[in-house]
Amino acid sequence: MSDLLTLEGVSRRFGGLLAVDNVDLSVGRGEIVGLIGPNGAGKTTLVNVITGVYRPSAGTITYDGRRIDGMKTFRISRMGVARTFQTVQPFPAMTARENVMAPATFAGKSQGIAEARERAEEALEFVGLGDARDALASELTLAGRKRLELAKSLAMEPKVLLLDEVNAGLNSTEIDEALDLIRKVADSGVTIIIIEHLMKVVMSLCSRIVVLHHGGKIAEGTPDEVRNDRSVIEAYLGNRYASRSAGEASDG
Ligand SMILES: Nc1ncnc2c1ncn2[C@@H]1O[C@H](COP(=O)(O)OP(=O)(O)OP(=O)(O)O)[C@@H](O)[C@H]1O
Ligand SMILES: [Mg+2]
């Protein structure tokens with residue numbers, strides 16, 4: 001399998017904090033790779049570095065044979081790298097279709113409004129929101145808004161899609177539906193990197209899982225290998241005890 005995305009020695013520093021620490025990562029075409037780790041491990045930061053929101057402080061990122069580290073976000077997304085946001089923020093007073101038309105246009109492949117509308121409708125249909133296309137985003141349930149977020153990224157016709165906790169806050173029926181949808185996206189030929197706290201989801205979707213802790217990669221392997229990895233177990237236990245002693249709710 002030839003690699004679509006390769007990170008070598010990627011770090012990102014925020015002042016004194018090394019949020020991403022010397023991470024190597026290879027993602028093959030058509031793979032579904034899980035990215036897990038306790039709260040604050042650096043998962044979202046890594047997505048932000050891959051998509052050009054932040055420049056890496058060190059390291060190189062190669063996508064489809066080209067260096068993309070240091071490129072602007074819009075160039076990277078036009079090359080086919082799309083992402084969803086951990087906190088979904090649709091424009092509440094715009095319809096579902098209008099929300100999806102914005103990125104469809106931004107992707108730069110649309111010839112005009114009519115084509116962007118068509119692409120938006122296709123994406124909404126694909127995620128099961130075809131009937132809700134004229135609904136205001138504010139009228140959608142959380143599960144609906146998560147689907148809308150997915151439709152926005154699909155309207156950019158990505159080759160690789162980074163999903164940042166698309167299932168957070170959903171009930172178990174909604175999660176099963178979301179799993180089917182993510183599989184459908186993968187079957188359509190999109191390579192997927194999925195950040196997910198729910199083990200059930202990563203374990204069932206991913207052929208390979210990468211574990212971050214304090215910014216660094218502490219393990220990588222099949223779901224079974226990762227589940228039984230001592231450093232992974234310790235990272236999660238440590239985090240849970242730390243959260244409890246700080247009086248915070250467990251992240252489940
Ligand atoms: N823009 C920023 N400026 C300063 N620190 C940041 C910034 N973004 C993230 N961080 C810090 O970097 C670390 C990693 O954060 P990040 O959001 O990447 O973690 P995460 O693995 O996505 O966590 P979660 O599971 O809670 O979403 C945290 O300590 C966070 O506070
Ligand atoms: Mg995060």
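1. A residue counts as buried if 20 or more other C-beta atoms lie within 10 Å of its own, exposed if 12 or fewer, and partly exposed in between, with C-beta atoms placed from the backbone. Helices (H or I, at least four residues) and strands (E, at least two) are DSSP runs, numbered from the N terminus.

2. This is a predicted model, in which local features need pLDDT of at least 70, side-chain atom pairs count only at pLDDT 80 or more, and totals for chains, interfaces and linings use all residues. Residues are numbered from 1 along each chain as its sequence is written, while chains are lettered from A and ligands numbered from 1 in the order in which they are written.

3. Look at helix α3, residues 96-106. Its buried residues are A96, R97, N99, V100, M101, P103 and A104. They pack against α4 (113-126) and α5 (142-154). Contact here means C-beta atoms, placed from the backbone, within 7 Å.

4. Ligand 1 has F14, L17, A19, G37, N39, G40, A41, G42, K43, T44, T45 and Q86 around it. Each has its C-beta atom, placed from the backbone, within 6 Å of the ligand. β2 (17-28) and α1 (43-50) each supply at least two shell residues. α1 gives the most, with three.

5. By class, the shell around ligand 1 has four nonpolar, seven polar and one charged residue. Ala, Val, Leu, Ile, Met, Phe, Trp, Tyr, Cys and Pro count as nonpolar, Asp, Glu, Lys and Arg as charged, and the others, Gly among them, as polar.

6. The domain assignment gives domain 1 (1-80 + 159-252) and domain 2 (89-157). Such bounds come from an automatic or database assignment. Ten residues of domain 1 contact twelve of domain 2. On the domain 1 side, α2 (73-78) and α6 (172-187) each supply at least two residues.

How values were computed:
Contact = placed C-beta atoms within 7 Å.
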